[in-house]
Structures are given as C-alpha cells and as structure tokens.
Amino acid sequence: MTDSDIASLAATEMAAGCAQGAFSAEDLTQACLDRIAALDGDIGAFTYVDADFALSQARSLDEQRAAGKPLGPLHGVPVGIKDIIDTKDMPTACGSPVLAGRLPMKDATVVTKLRAAGAVILGKTVTTEFAYFSPGKTRNPHDLERTPGGSSSGSAAAVAAGLVPVALGSQTNGSMIRPASFCGVFGMKPSHGLISRAGVLNLSKTLDHVGIFSRSLDDAALMLEVLAGYDAEDSATRPLSAAQYRAVLAQEWPLTPRFGFARTPVWDKAEPATQTAFEELAAELGDACVPLDLPDYYSGAWDAQRIIMAVEMAHNLGRVADKGAAAVSQVFHDLVAAGRKETAQTYLQALDARRTYADALADMFSECNVILTPAARGAAPKGLTATGDPVFCSLWTLTGLPSITLPLLSDDDGMPVGVQLVGAPGDDARLLRTAAWLVERLSEG
C-alpha cells in the first residue's frame, strides 16, 4: 500500500490497520505529512505543523504497540486541531496576530482525550480571526478561487483535501455546518454540552459547540465516542452513560425514518438552484418526508442569536480587541461595539427566546425523526474576502440541537452543496443513523 493509499483511508481504517500491523503510526503520519507538503502550499489549511514532533508522537505509539500495551480506538490516526483549541506543545493563536506565539499551559479537554485514544496531533488548522468572520489564508480544495467557509476553514479544507482523515472544529453560528457543505465533507455539530469546551476559546458560553469534520459517518461516530462526556470544567456537559455511536449507526431502521422538510423563515435566502434541489430531494423521499412549517414567531430567532453572540463575545474578547486594536479587523471591532450597545434587558429577552424556540422545536420531533434543511445558501461563493452566510445554521445553533452536513448534492459547476439534518436534543446517535439511511437511500437511487 502506497503512502497515497494510506493517507486516503478513513480514520476507522487507519486505526484498524495500525492495530493489526498492516502499517505503522509513523507510516500514517508520514503519509499525511507528505500530502501536506504537496498540497497545502496552495490550500493553506494548516497554520502550524511540526513534522519532527508529529513523527515523534507516532514513533512513541509504535513503541507502545511493540511492547504489547493496550491500544486506543484512534491509535496512530493523525488529527487536525482548530487553532482556537489549546495544545500545550503547539501555539494557539486563535487566528489573530494579537495572540501570535501564545503557548497554552495545558491541553484542552478534547485534545487530552484524543491523545489518550492514541491519536497523533498533527498540527493546528486555520481559523478565521477569533472564530468570527475575518477570513484566514485557507482556500477551497475544490476551487482555489472560492472560500472554504468559516470559521473552521482549515479543518474542513484539510479533511476535504485528504491532509488528515478527521479534524476538530467549532461552531457559534455556522462555523462547522457551512464549511463542511462548501468543502464537501461530513460536519457534525453535536448537541450543546455533549463535547467539553474546556480549553477552547470562549466566544459564547450559550452558543459554542465543539464538533467534528470527517470523510465518513463511521469516523464521525468514532470521534464522538472518544470526545463525548462530562467534564467538570465545562458546566454545559452532564454525566451520561457511554453512548455506543458506532453500534447505533450500524443498526437497521425498523421503520422508514420520517424527515420534516423545514424551509424556515429564511428560505428566500437560499439560491434558486438550492431551493430546486431541496424540493426535488423532498419529492424523492416521498411519504418519508413531510413539510414542517415553523410558526411566524420563529422569525425572531436570527436576531436572538445575533444579540447573544455579540454580547457574550464582546464580554469575553472585548479587552483583547481593545489591547490589540491596531491588529484587529474592523469587522471584529464592529462586533464588539454592537455587543456593548445591547442592553441587559434585550440580552435577557434573547436568552428567554432561545429557551422558547428550543422547547417548541423539541416538541416538533413527535412529527419527524429529523429536520431536513439546507446547510448553506448554495455552493461556496467565489472570492476569498468573506466566508459565506451562516443564515441556515443560526436557528439550530441557537437552540443547541445536534446537526450534521451530508455531502450529497452539487451545483452545475460540480461544487459541493451540503444537506443539513437536525436531530432532537441529545439524540445524536439516532441523527447519525438517520444520516446513514439517507446516504444509502440516495446512493441506491
């Protein structure tokens, strides 16, 4: 098997092959490093890679296997880490020159879990400035003149280009679902609080999620098994029994799942081709898909999301922006200014509205198993000065529901267009299983 063949394997295949001795962790890491050397000069997915350090991690894992020690579920698998997630042995600059060279004292909880599972932390992937809208250097692997989306631009592009099989990202508005759609990969934003955010840049405690980019649903399920769980350092997490995401994913549906097609109050923001594609997808699903109409009061959800994000980001990062004013983008200065202008009453009303929307949406899952909706307005737009519109992600991020992008559609230029599925609160495993059903159904068609 050539290095190119090894690098193209899914994470589950890498871990199995490494455990069986088909290749070593060093082989896997070198294969990914070779792809980075060959391709990332154009794509710009990584902001930091230390090849020698990555290989030293891999050799240590190979020594553990040779000594007969227990192997973790991600043994030898190279992983990309978004540059807002702390790593004690690599800089974490959050996409800003203000924090250039910052070396955290300890790993984020998710990085600790990855290391314990046997992963190789290959490097740090590019994020937009403070995970907001000002883009970094990353380009879309499918068309270098198009945006990869944001803010998890580097993670999505790295997985799409085969630089790593899986990568971590985050979402406070549309920062995972949209780039996964633009780059043509699977992007999983789990239920709020399922994965710890301890050691991750604190943008908005109410809205922040850590999630996963992968090239397969099996890999997403494997990563969830490693990362999900309670962490005393993140009050949003809660004690749960260990979920067997891969086992649930592999189960057959006893009945055909039911999809609720939600156009949402922002349906007119979708490009005409996207609207047509989703209408055709709903028709293809036939009786398995029913229209899901959201009451008029949902139109206020986008303002509520904007207010909460602006206020909490201004509170958490305003002083950083002030201190490094000359090095901070105008778009981020504007966000901080907007957050500081909101009144306490307006902010609390937005939090109340969030709970109302979340409760009402939870009730709607009595009518369907998942909600079907676009992941973005359309394919990745041309140009590198913006990252696209997160409008089709805001409601599901506000309410903390699990969602996933499936790379199932494309536009007339062959650019990826993602399908977003949204699950019931805490029902991440069944969301994955429904996603697998839909992928299989469309592949058969």
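Biologist: Why are α11 and α12 called oblique to each other?

Modeller: In this predicted model, helix α11 (residues 301-323) and helix α12 (residues 330-341) pack at an angle of about 125°. Angles over 145 count as roughly antiparallel and 65 to 115 as roughly perpendicular, so α11 and α12 are oblique to each other. Their axes are 8 Å apart, and α11 passes α12 in a left-handed crossing.

Biologist: Which residues in α11 meet residues in α12?

Modeller: Among them are A310, V311, M313, A314 and L317 in α11, and F332, L335 and V336 in α12. The residues of this contact divide into 9 nonpolar, 3 polar and 3 charged.

Biologist: What makes K124 and D83 a salt bridge?

Modeller: The side chains meet at 3.7 Å, N to O, and the cut-off is within 4 Å. K124 is in strand β3 (residues 120-125) and D83 in the loop between β2 (78-82) and α5 (109-116), 41 residues apart.

Biologist: Why does K124 count as buried?

Modeller: Buried means under 20% relative accessible area. K124 has 0% relative accessibility, so K124 counts as buried. D83, at 5%, therefore counts as buried too.

Biologist: How do you know whether R146 and D143 are buried or partly exposed?

Modeller: Their side chains meet in a salt bridge of 2.9 Å, N to O. The limit for buried is under 20%. R146 has a relative accessible area of 7%, so R146 is buried. D143 has 21% relative accessibility and therefore counts as partly exposed.

Biologist: How many salt bridges does this rule give?

Modeller: The count comes to 19. D89, D107 and R115 are linked in a network of salt bridges.

How values were computed:
Residues numbered from 1 in each chain as written. Predicted model: local features only at pLDDT ≥ 70, side-chain atom pairs only at ≥ 80, totals over all residues. Heavy atoms only, no water. Axes fitted to C-alpha atoms, helices over the stretch in contact; angles between N-to-C directions. Helix = DSSP H or I, 4+ residues; strand = E, 2+ residues; numbered from the N terminus. Parallel < 35°, antiparallel > 145°, perpendicular 65-115°, else oblique. Left-handed = near helix turned anticlockwise from the far one by under 90°. Contact = heavy atoms within 4.5 Å. Nonpolar A, V, L, I, M, F, W, Y, C, P; charged D, E, K, R; others polar. Buried < 20%, exposed > 50% of the residue type's maximum accessible area, 1.4 Å probe, protein only.
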